[in-house]
Amino acid sequence: MMATTLKRAVSKYKVWLFCLLACIIVPIFNSNFYSAQNVESVVRQMIPYGTVALGLTLGYIAGVINLTIGAMLALAAGIFVRLTPVIGLWPAMLAALMAGALVGLVAAFLVCYVGLHGWLVVISMMIGLNGVAVVVCDYTTVPLDNATFEMIANAKLGPVPTLFLLYLALIFAAEWFLRRTRFGREMYACGGNAEIAKSCGVNVLRTRTITFVLSSTLAALGGVLLMTRLFSANGTLGANTIMEVLPMSIIGGASFAGGKGSAIGTLSGTLCMVLISTVLNLFNVDTNYQSIIQGLILIVIIASDKYFVNKEKKV
């Protein structure tokens, strides 16, 4: 009985255990791991990419695959940086988020109501949005110079960045939303089996439309939050975002098959991937080799997800 309980606990919290072991073992070989600069770097990396990963997870839960997130991140960052000097900080932020919502709405319309193939739609939109992002940034890197935004980016509550606390608040709010609201439960139902959900009275089209909008809006928010680290935008900003964010979502418990995942799980996946990236940088691993490692991680994730899906079907 004890062994079974322990096995289940390890299986359930394996990502958190991996992160804990990394935090214990890595400092033995590199004393800079717990330096104030490195810890803050880990925390600040989690904020934008964790936000985007949360949007991706919401999509997977409801059976929606939104691969436009990288392009949306770049486009939102470009819109925000371009408009801030013109209309002000908060209107520019609102415009970036509205752009994300609009992109999600268009994708949902084409997939859910027109009936076009989801993968083809999101890939086509991803390519198009990448082009729009480059045009918005005028084929160059656009700097952001705003004293208020810089103050927000550097604000801290004690040693902890305020934005990280707000990110955690977003994660816990999303977890409550998914577990405690009717719409959250409908998202799981749609992703698990859309036909059964429909027969139970769930409006699958509406649920997936709203999920598309939420996913793209969170990607846009991630683009704005990324500016708190970079303070400049360009059209290629989101080129590798999907490689960085997708593992965060899947490692955190989401599934390509749909109907699985959680906000807290995504938090663990985000921490895991950021720690891996940080460790590689601490040991001066060449960026090309880091890309190879990221690619291998993606392959392992996709293969393991397929394996467990097939295993569940046999059961």
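A residue is taken as buried when its relative accessible area is under 20%, and in this predicted model buried residues make up 45% of the 315 residues in the protein chain. The secondary structure of the chain comes to 14 helices and four strands. Its radius of gyration is 20 Å, close to the 20 Å given by the globule rule for 315 residues, so the chain is as compact as a globular protein of that length. Along the principal axes, the C-alpha trace spans about 55 × 55 × 35 Å. Of the contacts in the protein chain with a sequence separation of 6 or more, 78% are accounted for by residues 24 or more positions apart.

The axes of helix α4 (residues 69-87) and helix α6 (residues 118-136) come within 8 Å and cross at roughly 20°; because angles under 35 degrees count as roughly parallel, α4 is described as roughly parallel to α6. The crossing of α4 past α6 is left-handed. On the α4 side the contact is made by Ala71, Ala74, Leu75, Gly78, Ile79 and Arg82, and on the α6 side by Met126, Leu129, Asn130, Val132, Ala133 and Val136. Sorted by class, the contact of α4 with α6 has nine nonpolar, two polar and one charged residues.

In the second pair, helix α12 (residues 241-251) packs against helix α13 (residues 263-282) at an angle of about 130°, with the axes 7 Å apart, which makes α12 oblique to α13. Here α12 passes α13 in a right-handed crossing. From α12, the residues Pro247, Met248 and Ile251 meet Thr266, Gly269, Thr270, Cys272, Met273 and Val274 of α13. By class, the contact of α12 with α13 has six nonpolar, three polar and no charged residues.

Helix α3 (residues 36-61) contains leucine 56, and glutamine 45 likewise lies in α3. With a relative accessibility of 0%, leucine 56 counts as buried, and glutamine 45 is also buried, with a relative accessible area of 14%. When neighbours within four places in sequence are left aside, leucine 56 is in contact with Asn66, Ile69, Ser215, Val245, Leu246 and Ser249. Under the same exclusion of sequence neighbours, glutamine 45 is in contact with Arg229, Val274, Ser277 and Thr278. One of these partners of glutamine 45, Val274, is also among the residues of α13 that meet α12.

The packing of helix α9 also involves α3. In α9 (residues 182-192), the buried residues are Phe183, Gly184, Glu186, Met187, Tyr188, Cys190 and Gly191. Besides packing against α3, the buried residues of α9 pack against α8 (162-180), α10 (194-199) and α11 (204-230).

Terms used
Residues numbered from 1 in each chain as written. Predicted model: local features only at pLDDT ≥ 70, side-chain atom pairs only at ≥ 80, totals over all residues. Heavy atoms only, no water. Axes fitted to C-alpha atoms, helices over the stretch in contact; angles between N-to-C directions. Helix = DSSP H or I, 4+ residues; strand = E, 2+ residues; numbered from the N terminus. Parallel < 35°, antiparallel > 145°, perpendicular 65-115°, else oblique. Left-handed = near helix turned anticlockwise from the far one by under 90°. Contact = heavy atoms within 4.5 Å. Nonpolar A, V, L, I, M, F, W, Y, C, P; charged D, E, K, R; others polar. Rg over C-alpha atoms; globule rule 2.2 N^0.38 Å. Buried < 20%, exposed > 50% of the residue type's maximum accessible area, 1.4 Å probe, protein only.
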